[in-house]
Amino acid sequence: MTEAWAAVLAVGAGTAVLKAVGPVAVSGRSLPDRATALLELLAPAILAALVVVESFGSGRSLVPDARLAGVGVGIVAVALRAPFWLVVVVGGAATALVRLLS
Amino acid sequence: MRRGARIGASLFPAAAALGASFGVLARTAHLDAAAAIVMSATTFAGSAQVAAVSVLGAGGGIAAAVIAALLLNARYAPIGISIAQSFRGSVLKLAQSQLVVDESWALAGGGTPRFDKRVFLGVGMVLWVGWVGGTAVGALLGQAIGDPSAFGLDGAFAALFIALLATQMRGGRRIVAATGGAAIAALLIPFTAPGVPIIAATVAVLAGWSRTG
């Protein structure tokens, strides 16, 4: 089995458990508010780290390159409330254009 | 359920387009079309899927990719608990709970006493079809692309994470957690294997948590 398939199956199984644990196992009770507050912060922390890694990371070094054009255009598109697909398309196009010209 | 399907239909194009983006980007992590489609059908969670593909593509390995994705999906545990009382029948519960995504939960009034399970099911099913169908289109398109970097797919990844992050930027605690996560990742990239900075960034939730307000 390839690395990709192993990851696909493990993420699928783990997510299924996370989604089912409430309805199947803990019907009628609830998590402490503090635990819920902590879990809600995981997504912003991880997504911000992914922005940094995808914008500058290249193996073990921080490399500013054509991707920054995609990031800049992406930020503008998000600020203008563009839909997800448009942010992705203009981000990719800006990166490809800068790479082509440099 | 029909009302839920109608509400979900308004989000269908967005789900399909984001699914298509995932399908194309999956190529950078060497996921073939079948793997991308299976992932969308079973995981059905956008941010986590893109994160897993990003970590794999950067050479972070299976463990880091799976941990990062599951940490992103950890919020589904409290979300599921908040609507647990509306579900009946063990097999049915297991199946219906898989339709939990942020949108199906929020649009059905999750976390409030007015939670409507039929709206939840309608929205969830429509979004699932859009997400998986979009992924299939994107994955097949991705396979037709030769060199991903020539199309700026790496820059598109970064832009997509910015868009996903923007949906999370409500309230001071989340902004503190995001700032901390970004700083931790930037500091660790030169010193650790790919994937580790993403997982270490979760420590930033403590900074956001201890901040009152």
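Colleague: Which residues of α5(A) are buried?

Modeller: In this predicted model, the buried residues of α5(A) are A:V87, A:V88, A:G91, A:G92, A:A94, A:T95 and A:A96.

Colleague: How many residues does α5(A) have, and how far does it reach?

Modeller: α5(A) has 18 residues and reaches 26 Å from its first C-alpha to its last, close to the 26 Å expected at 1.5 Å a residue.

Colleague: How should I read the packing of two helices, and at what angle do α5 of chain A and α9 of chain B pack?

Modeller: Two packed helices are described by the angle between their axes and the distance between the axes. Here, helix α5 (residues 84-101) of chain A packs with helix α9 (residues 153-166) of chain B at an angle of about 145°, and their axes are 7 Å apart. The crossing of α5(A) past α9(B) is right-handed.

Colleague: Which residues of α5(A) and α9(B) meet?

Modeller: On the α5(A) side you will find A:F84, A:V87, A:V88, A:G91, A:G92, A:T95 and A:R99; on the α9(B) side, B:D154, B:G155, B:A156, B:A159, B:L160, B:A163 and B:L164. The residues of this contact comprise eight nonpolar, four polar and two charged.

Colleague: Let's turn to α1(B). Where does its kink lie?

Modeller: The kink in α1(B) is about 50° and lies at B:L11, shortly before the proline B:P13. As for length, the 24 residues of α1(B) should span 34 Å at 1.5 Å a residue, and the end C-alpha atoms are 33 Å apart, which agrees.

Colleague: What do the buried residues of α1(B) pack against?

Modeller: They pack against α5 of chain A, together with α2 (33-43), α3 (46-57), α8 (117-144) and α9 of chain B. Among the buried residues of α1(B) are B:G4, B:G8, B:A15, B:L18, B:F22 and B:L25.

Colleague: Now some single residues. Is B:N73 buried or exposed?

Modeller: Buried means under 20% relative accessible area. B:N73 has a relative accessible area of 1%, so it is buried. B:N73 sits in helix α4 (residues 61-73) of chain B. Leaving aside its neighbours within four places in sequence, B:N73 is in contact with A:T15 and A:L18 of chain A, and with B:T43, B:A45 and B:A48 of chain B.

Colleague: Where is A:L31 found, and which residues does A:L31 contact?

Modeller: A:L31 is in the loop between α1 (3-25) and α2 (33-40) of chain A. Its relative accessible area of 29% makes A:L31 partly exposed. Apart from neighbours within four places in sequence, A:L31 is in contact with A:T36, A:L39, B:P78 and B:I81.

Colleague: How do I read phi, and what is phi of A:R81?

Modeller: Most residues other than glycine have a negative phi. Phi of A:R81, however, is positive, near 60°. A:R81 lies in the loop between α4 and α5 of chain A and counts as exposed at 75% relative accessibility.

Colleague: And what is phi of B:F44?

Modeller: Phi of B:F44 is near 45°, again a positive value in a residue other than glycine. B:F44 belongs to the loop between α2 and α3 of chain B, and is buried, with a relative accessible area of 5%.

Terms used
Residues are numbered from 1 along each chain as its sequence is written. Chains are lettered from A and ligands numbered from 1 in the order in which they are written. This is a predicted model: local features need pLDDT of at least 70, side-chain atom pairs count only at pLDDT 80 or more; totals for chains, interfaces and linings use all residues. Side-chain values use heavy atoms; hydrogens and water are left out. Axes are lines fitted to C-alpha atoms, for helices over the stretch in contact, and angles run from 0 to 180 degrees between N-to-C directions. Helices (H or I, at least four residues) and strands (E, at least two) are DSSP runs, numbered from the N terminus. A crossing is left-handed if the near helix is turned anticlockwise from the far one by less than a right angle, and right-handed if clockwise. Contact means heavy atoms within 4.5 Å. Ala, Val, Leu, Ile, Met, Phe, Trp, Tyr, Cys and Pro count as nonpolar, Asp, Glu, Lys and Arg as charged, and the others, Gly among them, as polar. The expected span of a helix is 1.5 Å times one less than its number of residues. Buried means under 20% relative accessible area, exposed over 50%, partly exposed in between (1.4 Å probe, protein chains only). The bend at a residue is the angle between axes fitted to the seven residues ending there and the seven starting there.
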